[in-house]
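Here are my notes on the model you sent over, point by point. Have the structure open while you read.

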Amino acid sequence: MPNRNKKPLFSATVIRIVLWDIAIFFLLFVTSNVFTIVITNKILTDNLDERLKNKIETLLGYFKIQNDSVIFNGYSEISEPDFMTINSGAIFLQVKNTEDRILLISKNVNNFGIIPFNVPENILENGFYNITFGQHQLRVVYTPLFNEQKRIVAYIQLAVFRTEYSSIMKKIVIFNLFNLPFILLIIILVSIFLAKKSYSPLNKVISIAENISANNLNARIEIEAHPQDELGRLRDTLNNLFTRLEVQINQISQFTDNASHQLMTPLTAVKTELEYILKKDRT
């Protein structure tokens, strides 16, 4: 038969606490990672948008609208390396009129490839969007150009790479997923240690309670705990119970001794008479 008094290595309570800790940690881990990814993505995207916005404001100073004609006087500006080369800091420029005819294009666009020019409807100011072109992820801004009658005659498109920023986001996710098993292992070990340490006073209470018997009622639970604390209240409640039991059992023992003493004299007299009677033969 199995030994019912044998203590398991991990009790059901300890296992339950560990599982709760793991569940809570995993929820916090997922929440914090989602929050980190969202905030990081917003910061990185805002940096790209700020760069595009500053460049658009610079380029707008070189555009003039005469009737419905677009005149650009900033060729020296788009001769800078950002508009010429294809690298992580490249800026791709395209200008199209409302008839979808290209009016201006930077040199690196010709080398990189014509980027899709899909202007959203009803756009009246800078509009920022993410697009995918081939294997590349781009952040683009569309800005309308107005004539004197406040009618849109053309659109400017500026695009920059966001592949590097997407790579940063992937690295963050991969790093957290790689560390998750190690963090879970630490959480499990710490949870087991804390659970066992937290329940150690209760095990001490159980051990003392199991050893108390009718011949050992003077034992009391000695653990350090505030009287208003749960452990302190349990200690005091059980000690008071043991005291009442000790008093009652002592009273029962005294009653038994007194009753035995009181019964001894008449029983002795009866025994003596019986022995006297039995000495003579009877029919």
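1. A quick definition before the strands: two of them count as paired if DSSP finds at least two bridges between them. Bear in mind, too, that this is a predicted model. With that in hand, look at strand S1 (residues 63–66) and strand S2 (residues 69–72): they run antiparallel and are joined by four bridges.

2. Next, strand S3 (91–97). How many of its residues are buried? Seven of seven, so to speak a mostly covered strand. Ile91, Leu93, Val95 and Asn97 point one way from S3, while Phe92, Gln94 and Lys96 point the other way. Both sets are buried, Lys96 and Asn97 included.

3. S3 has two pairings to look at. With strand S7 (152–161), S3 pairs in the antiparallel sense over seven bridges, and Ile91 has Val160 of S7 as its bridge partner. With strand S4 (residues 102–105), S3 is joined by three bridges, and that pair runs antiparallel as well. Here Gln94 stands opposite Ile105 in S4.

4. Have a look at the turn in the S3 and S4 hairpin, which has four residues between the strands. Asp100 sits in this loop, and its phi is positive, about 65 degrees, although Asp100 is not a glycine. Is Asp100 buried or exposed? Asp100 is exposed, with a relative accessible area of 52%, and the cut-off for that word is over 50%.

5. Asn122 is another one to check. Its phi is near 60 degrees, a positive value in a residue other than glycine. Asn122 lies in the loop between helix H3 (107–112) and strand S5 (127–133). Asn122 is exposed, at a relative accessible area of 74%.

6. Now the inside. The largest nonpolar core has 20 residues, and Leu59, Phe63, Leu93 and Leu158 touch the most other members. Helix H1 (12–60), S1, S3, strand S6 (136–146) and S7 each supply at least two residues of this core. Which element gives the most? That would be S7, with five residues.

7. Leu93 deserves a click of its own. Leaving out residues up to four places away in sequence, Leu93 touches Leu59, Ile78, Phe83, Leu104, Ile105, Ser106, Val109, Ile156, Gln157 and Leu158.

8. Last, a helix pair. Two packed helices are described by the angle between their axes and the distance between the axes. For helix H4 (residues 163–211) and helix H5 (residues 230–278), the axes come within 11 Å and cross at roughly 5 degrees. Angles under 35 degrees count as roughly parallel, so H4 is roughly parallel to H5. On the H4 side the contact is made by Pro201, Leu202, Val205 and Ala209, and on the H5 side by Leu231, Leu234, Leu238 and Phe242. Sorted by class, the contact of H4 with H5 has eight nonpolar residues, with no polar and no charged ones.

Terms used
Residues are numbered from 1 along each chain as its sequence is written. This is a predicted model: local features need pLDDT of at least 70, side-chain atom pairs count only at pLDDT 80 or more; totals for chains, interfaces and linings use all residues. Side-chain values use heavy atoms; hydrogens and water are left out. Axes are lines fitted to C-alpha atoms, for helices over the stretch in contact, and angles run from 0 to 180 degrees between N-to-C directions. Angles under 35 degrees count as roughly parallel, over 145 as roughly antiparallel, 65 to 115 as roughly perpendicular and the rest as oblique. Contact means heavy atoms within 4.5 Å. Ala, Val, Leu, Ile, Met, Phe, Trp, Tyr, Cys and Pro count as nonpolar, Asp, Glu, Lys and Arg as charged, and the others, Gly among them, as polar. A nonpolar core is a set of buried Ala, Val, Leu, Ile, Met, Phe, Trp, Tyr and Cys residues joined through side-chain atoms within 4.5 Å. Buried means under 20% relative accessible area, exposed over 50%, partly exposed in between (1.4 Å probe, protein chains only).
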